[in-house]
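Student: Could you take me through this model, please? I would like to go from the strands to individual residues.

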Amino acid sequence: MNTPVPPEAEPQGSPAGPGTAPEITYAECRQCGTLIAGLDGRYSCGVCGWVNHHSEGHRPLPRAEDDEHRGHGCGADANRLG
Ligand SMILES: [Zn+2]
């Protein structure tokens with residue numbers, strides 16, 4: 001009847017799993033040396049346009065097969081031009 005509402009538990013820095021938000025990281029641009037911010041080790045310099053390869057990221061990019069919003073299995077192969 002008189003159920004007390006429990007206080008909301010604050011997240012104590014324990015990641016919920018692979019679906020957590022990307023982590024902001026910092027590094028120097030390898031082309032112009034500007035300190036730039038990136039996500040999970042992937043950087044894009046706003047000064048000179050340098051970007052590092054996505055494979056340098058701290059975790060793998062989500063694959064098309066993992067994207068449930070796509071529904072079908074039409075991946076990169078479907079976008080190829082003959
Ligand atoms: Zn740069």
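**Strands, hairpins and selected residues**

Tutor: Let us begin with Pro22, which is placed in the segment before β1; strands here are DSSP runs of E of at least two residues, and helices are runs of H or I of at least four, numbered from the N terminus. This is a predicted model, in which local features need pLDDT of at least 70 and side-chain atom pairs count only at pLDDT 80 or more, while totals for chains, interfaces and linings use all residues. Residues are numbered from 1 along each chain as its sequence is written.

Student: Is Pro22 buried, partly exposed or exposed, and why?

Tutor: Pro22 is partly exposed because 13 other C-beta atoms lie within 10 Å. A residue is buried with 20 or more other C-beta atoms within 10 Å of its own, exposed with 12 or fewer, and partly exposed in between, the C-beta atoms being placed from the backbone.

Student: Which residues is Pro22 in contact with, leaving aside neighbours within four places in sequence?

Tutor: Pro22 is in contact with Leu39 and Asp40, where contact requires C-beta atoms, placed from the backbone, to lie within 7 Å. Pro22 and Leu39 are 17 residues apart in sequence, and their C-alpha atoms are 5.8 Å apart in space.

Student: How many helices and strands does the protein have?

Tutor: There are zero helices and three strands, and the pattern along the sequence is β-β-β. The strands form an open sheet in the order β1-β2-β3, with antiparallel pairing; two strands pair if DSSP finds at least two bridges between them. The edge strands, each pairing on one side only, are β1 (24-28) and β3 (42-43).

Student: How many bridges are there between β1 and β2?

Tutor: Five bridges join β1 to β2 (residues 35-39) in the antiparallel sense. Ile24 has Leu39 as its bridge partner, Thr25 stands opposite Gly38, and Ala27 is partnered by Ile36. The two strands form a hairpin with six residues between them, and Gly33 in that turn has a positive phi of about 85°.

Student: And how many bridges join β2 to β3?

Tutor: Two bridges join β2 to β3, which run antiparallel. In one of the pairs, Tyr43 of β3 is the bridge partner of Gly38.

Student: What is the phi of Asp40?

Tutor: Asp40 has a positive phi of about 55°, although it is not a glycine. Most residues other than glycine have a negative phi. Asp40 is located in the loop between β2 and β3, and the hairpin of those strands has two residues between them. Asp40 counts as partly exposed because it has 17 C-beta neighbours inside 10 Å.

Student: Turning to burial, why does β1 lie largely in the open?

Tutor: The number of buried residues among the five of β1 is zero, so β1 lies largely in the open. Of the 82 residues of the protein, 5% count as buried.

Student: Which residues make up the covered and uncovered faces of β2?

Tutor: The covered face of β2 holds Ile36 and Gly38, whereas Leu35, Ala37 and Leu39 are on the uncovered one. In a regular strand the side chains alternate between the two faces of the sheet.

Student: Is Cys45 buried or exposed, and where is Cys45 found?

Tutor: Cys45 is found in the segment after β3, and it counts as buried because it has 20 C-beta neighbours inside 10 Å. Not counting residues up to four places away in sequence, Cys45 touches Cys29, Gln31, Cys32, Thr34, Ile36 and Trp50. Cys45 and Cys32 are 13 residues apart in sequence, with a C-alpha to C-alpha separation of 8.7 Å.

Student: What percentage of the contacts between residues at least 6 apart in sequence join residues at least 24 apart?

Tutor: Among those contacts, 0% join residues at least 24 apart in sequence.

Terms used. Two residues are in contact if their C-beta atoms, placed from the backbone, lie within 7 Å.
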